[in-house]
Amino acid sequence: MSTVSTISTRADELTSLERVGLALQYKKPDRVPVAPLVCGASRRVLGISYDRWAQDAKAATASLLASQELIGFDGFLTLVDLSVEAEDFGQEVLFPENSTPLPNFDNPFIRTPDEYRKVLTVNPRKTRRMSTVIEIVRGLAEAKGKELAVMGFVYGPLGVLSQIRGHAELFKDIIRHPAKVLEAVELINRSLIDYAVAQVEAGAHAVVLDPLYSSASILKKETWERFEGVFMRPIADAIRNAGGAVIVHNCGNGVYFDAVIKHINPVAISHAYPAYGSANLKEHAANWAKKVVSIGIGDPEKIGHEFSQDEVLEHCREQIEIFRVAEGGFILSTGCEFSPHGNLLSAATMVKASKLYGRY
Amino acid sequence: MSSEKEELLNQLSDAVFELDEERTKQLSQKVVDSSFDAWEAIDQGLVAGVNRAGKLFDEEEYFIPELLIAADAMYAGLDILRPHIKPQSHGEPRRVVIGVVQGDTHDIGKNLVRIMLEVSGFKVYDLGRDVSPRQFVDRAVEVNADIIAMATLMTTTMDRMADVVRILETEKLRDRFKVMVGGAPLSQRFSDRIGADGYAAKASAAVELAKRLVGQGVVA
């Protein structure tokens, strides 16, 4: 049996940007595009600490560019971490040297239901973390935007609120203090609209919206629609009006594809599990692959930490085969961010899998 | 059981199930005032109510918010009833030290497991979030735990679980504790690789695993 490194593949005919663009329109490119969501993992290519990578736009941009040269993926995603927006609304954030930044939930910005009134709109072009992400987008677009897809990232307003209140307390407040929650979500959303537009203006071809709680593992569908779904439509419309494409990412289990499409109408959904109501991936592909482009859905933990390179190849081959029913509308990826400590060779092997098994 | 007591315990179960914390507190106080057995009220009232909520969670009628509020109601009732439990009426509970590993603060899953373990009769020592490997080991030794249970939602922090196993082995403590792990990015393969005793994919499975690890069989 050949080892992964000795397998030879045919030369590509399209640029990465062309490849991704065609897939998003259900037009068959030369092969399946690959976007393994290498974000925090990229810092290791240049030996940058996580805390620096998350706060220094130049360092993050340089490492993302270097990781693309190493791996050969087709699109950048500027997901830094889920605390970016929260910090700019006032939440204290912890920055471990070797792990993902996270809110200090021992010191939540909103300590009581009455403190939802502390939430105020901010200018994401000037606040510390969001402006950093905008600059990363700009740096990537200027360096590679004519050849590769550049995808910005915005965490949904309910997700942001959970980062400044604490997840469990927010979920209880949804039932006990719905009006206060809704008021804060609305205020946060105003700033997120500006944030999304700023990323398009900085050069993002698309912006990825993350409505994490549109998932049967967390909230009832109607609850998500009321507390976040209706708020995400204006973000999506603003992105489209600015000339960007809208993509959704949700790594939760049992994503409500119907509700997400109803409220956000994305060109693609990046997901880690079959949609709510689909028992397995094949059923998911039969139900959804021709309605919205799938980005996924490799297991990030297994790809990053468990699989041999041959197993990565086989895992990707299976998914490419399952999504052949999409007739071009599929992007191979991990279902969530590529594990920041995972084996980067596995990300390169995903690209190799596309070259081996993903030709149209 | 007297019909009055039976009615009261049913009402207590309903109050938890219907997410009514104030009514749960009132009814728990009524149990105390009526000199009914506190353990029976916990078991057949509070716990029964949480179990009914859990069943609806499995059936996707209740979701995380409802489950968290049912748990709040249960704990509010427990605060009133716990001082009145007759100590001689139960055997020594098995002890579990539980926490979210260092670098991670996602604790809803851990909290659900803690609640379900307590409901199932375990004595749980909850170390909270962002718990260092050393804290897990020291607390387990201190309380003479049967199980160390660790959770994480992040791939960047799951190796802290391996650190706990390494400390136990280095300090020749490995045989004293069963080690169980859980969380979205984990798998049985990961559990095997780090030398844990078991992995549970969801909260209800964690309770079954804990019972199995301490030789109490699987929950029916």
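Two residues count as being in contact when their C-beta atoms, placed from the backbone, lie within 7 Å. On that basis, the contact between the chains takes 20 residues from chain B and 25 residues from chain A. The model is predicted, so to speak of local features pLDDT must be at least 70, side-chain atom pairs count only at pLDDT 80 or more, and totals for chains, interfaces and linings use all residues. Residues are numbered from 1 along each chain as its sequence is written, with chains lettered from A and ligands numbered from 1 in the order in which they are written.

On the chain B side, helix 4, helix 5 (108-119) and helix 8 (188-194) each give two or more residues; helices here are DSSP runs of H or I with at least four residues, strands are E runs of at least two, and both are numbered from the N terminus. Helix 4 of chain B brings the largest share, five residues.

Turning to the inside of chain B, an automatic or database assignment sets the domain bounds, giving domain 1 (3-89) and domain 2 (95-213). Their centres, taken over C-alpha atoms, are 27 Å apart. Six residues from domain 1 of chain B meet four residues from domain 2 of chain B.

Chain B also has an open sheet of five strands in the order 2-1-3-4-5, with parallel pairing; strands pair if DSSP finds at least two bridges between them. Strand 2 (123-126) and strand 5 (198-200) of chain B sit at the edges with a single partner strand each, so one side of each has no neighbour in the sheet. Strand 4 (residues 178-182) of chain B runs parallel to strand 5 of chain B, joined by three bridges.
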